[in-house]
Amino acid sequence: MLRTLVVLAALGSTSLACTFEPPSFKKTGIAIRITKPAALVFNQQTTRVIQAAFRHATYPNITGEKSMKYLGRVAYGLTNIHIDDLSIENSEVDFKEEAIKIEIQNISASFKGTLSYGFVGAWWLKLIHLIDFEIESSIDLRINTKLTCKKERVAVVTSDCSLTFHKLILHLQGDKDPGWLKQLFTNFISFTLKLVLKSQVCKEINFISQLLAKSFQDIGENFLQDGNIGVDISLASFPVIKANYTETRHKGLLLYKNYSDSFHDSEFAPSLLSESRMLYFWFSEHVLSSLALAAFLDDRLVLTIMGKELKEMFENEELESDQEIVQEIFQGGSYNGSLAKVWSLSPPQIILQPKGTVVKSSVAVELSVSSRGVIYFEKDVTVTIQASYVQKRLVLHLSEAVIEPKTMRCSLDIAVNDETLRHFLEKTITVAGIPEVISRIESALTSLINSKGLDLCDIIDPEIITRNARLLNSTDGLCYPPSFAPWVSDEKSIVGPAQEENAVASCM
């Protein structure tokens with residue numbers, strides 16, 4: 001379930017202490033909810049995280065002395081302590097008010113290392129012996145995990161971490177029979193080892209959680225960034241944990257060069273999200289409009305159509321009755337020397353409604369026909385689009401289009417009057433131009449989100465629902481980024497605070 005916390009910890013940005021106004025959702029641009037049904041799936045990964053914590057932890061050397069009757073003082077040291085074998089029988093995750101309870105039962109762990117001991121005389125140490133040892137253990141692990149805010153980011157708190165030992169048996173040189181040496185060392189070494197294991201394992205769990213938090217935050221920020229355009233996903237309020245879900249709310253402000261964005265009129269309320277799906281993403285209309293503005297400011301809303309695409313557009317079957325005008329414009333020649341350039345004259349306006357996403361834009365089109373001349377016209381276009389994500393592709397369905405012509409200029413010498421030409425251009429834009437633009441946007445956005453790794457995610461029955469001033473994306477699928485793999489592998493590929501050089505624990 002650590003992954004649940006880390007997904008949330010991935011989403012935030014920068015002040016050591018977080019201060020928010022009294023409970024209000026007016027600044028919420030993006031909200032993420034992970035529900036209890038997701039816990040069952042996350043639970044499958046929890047075992048891997050705990051195993052990684054045990055395996056990646058470096059256990060310090062343990063040294064000390066013990067007085068024995070007749071023998072004097074016996075000095076000992078346990079060195080090179082490491083995990084030899086590890087298995088976990090069961091793990092459980094439960095949502096509680098203000099905390100997520102993680103319980104790992106029956107962790108069977110085998111530790112190996114070297115025991116050194118000798119007898120301390122008045123002036124010197126003598127009779128030094130080295131013996132390989134093995135420790136069999138059965139452990140339960142309990143973590144009550146809370147979410148808080150640090151530097152305007154979701155912070156994972158795993159300080160309430162405890163280990164319960166049901167078995168801790170010391171074997172010397174593989175000898176399973178008790179002897180005086182085993183009886184001598186077992187009790188106080190076991191006590192010290194319990195303290196060391198608890199300290200190092202809990203420390204490593206916290207460290208891996210922070211690593212995963214940083215990774216998921218990088219992924220979250222990267223997913224909402226392309227070139228100069230980004231989104232500020234700092235927290236807009238403190239994270240919450242309820243009996244059936246965890247939820248974080250983020251600012252969602254536009255990050256683009258020196259542009260200053262603000263937002264205080266969010267329509268968000270927790271009641272707008274349900275608890276039936278695993279994962280919910282809620283976006284305000286402002287977030288999408290800001291991204292459209294940034295695309296305009298960054299000169300991205302420009303499209304060039306030429307060659308085969310231009311030919312297919314003008315020879316669309318719905319323009320069959322207008323082919324005489326097409327022949328007049330292109331003089332029956334090749335389309336190779338011609339091109340159409342389309343661009344936005346102003347930032348598009350995004351309006352979210354139950355019927356879909358309404359996009360209003362003022363657009364210019366310039367059709368250059370070889371070297372013969374140019375047709376230039378401007379229009380206001382309003383389209384309604386319904387979006388879905390099918391077979392790892394974003395699908396944009398055009399449900400309605402309205403065109404309001406404004407200006408037209410033609411330098412071509414053609415036998416077509418202005419009114420007829422204007423009507424033909426409007427028809428061409430409606431039946432061929434707008435679908436072509438939407439197809440290009442659909443392809444570009446699919447490539448963009450898949451370049452962020454979305455196509456690697458197991459997304460089940462995703463829904464994209466628009467309502468007044470808001471968009472909701474819900475799914476029963478969860479995403480595990482490839483960057484998670486090194487942290488749950490059997491290789492010691494990460495270095496944490498538990499791996500301090502020359503660490504020594506002493507027991508006197």
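Are tyrosine 59 and phenylalanine 111 buried or exposed? I looked this up first, and both are buried (under 20% relative accessible area with a 1.4 Å probe, protein chains only; exposed is over 50%, and partly exposed is in between).

I note that this is a predicted model, in which local features need pLDDT of at least 70 and side-chain atom pairs count only at pLDDT 80 or more, while totals for chains, interfaces and linings use all residues. Residues are numbered from 1 along each chain as its sequence is written, and side-chain values use heavy atoms, with hydrogens and water left out.

I then searched the whole structure for aromatic pairs and found eight (ring centres of Phe, Tyr and Trp, the last by its six-membered ring, within 6.5 Å; planes under 30 degrees apart are stacked, over 60 edge-to-face, the rest tilted). Tyrosine 59 and phenylalanine 111 make an edge-to-face pair, with 5.5 Å between centres and 85° between the planes. Tryptophan 343 and tyrosine 376 are instead tilted, at 6.2 Å centre to centre and 40° between the planes. Tyrosine 376 counts as buried, because its relative accessibility is 11%. Ring pairs also join Phe314, Phe330, Tyr335 and Phe424 into a cluster.

I next checked for charges over rings (NZ of Lys or CZ of Arg within 6 Å of the ring centre and within 35 degrees of the ring normal). Lysine 341 sits over the face of tryptophan 343, 5.2 Å from the ring centre, and arginine 33 over that of tyrosine 245, at 3.7 Å.

Last, I listed the contacts of leucine 367 (heavy atoms within 4.5 Å): leaving aside neighbours within four places in sequence, they include Leu310, Phe314, Ile329 and Phe330.
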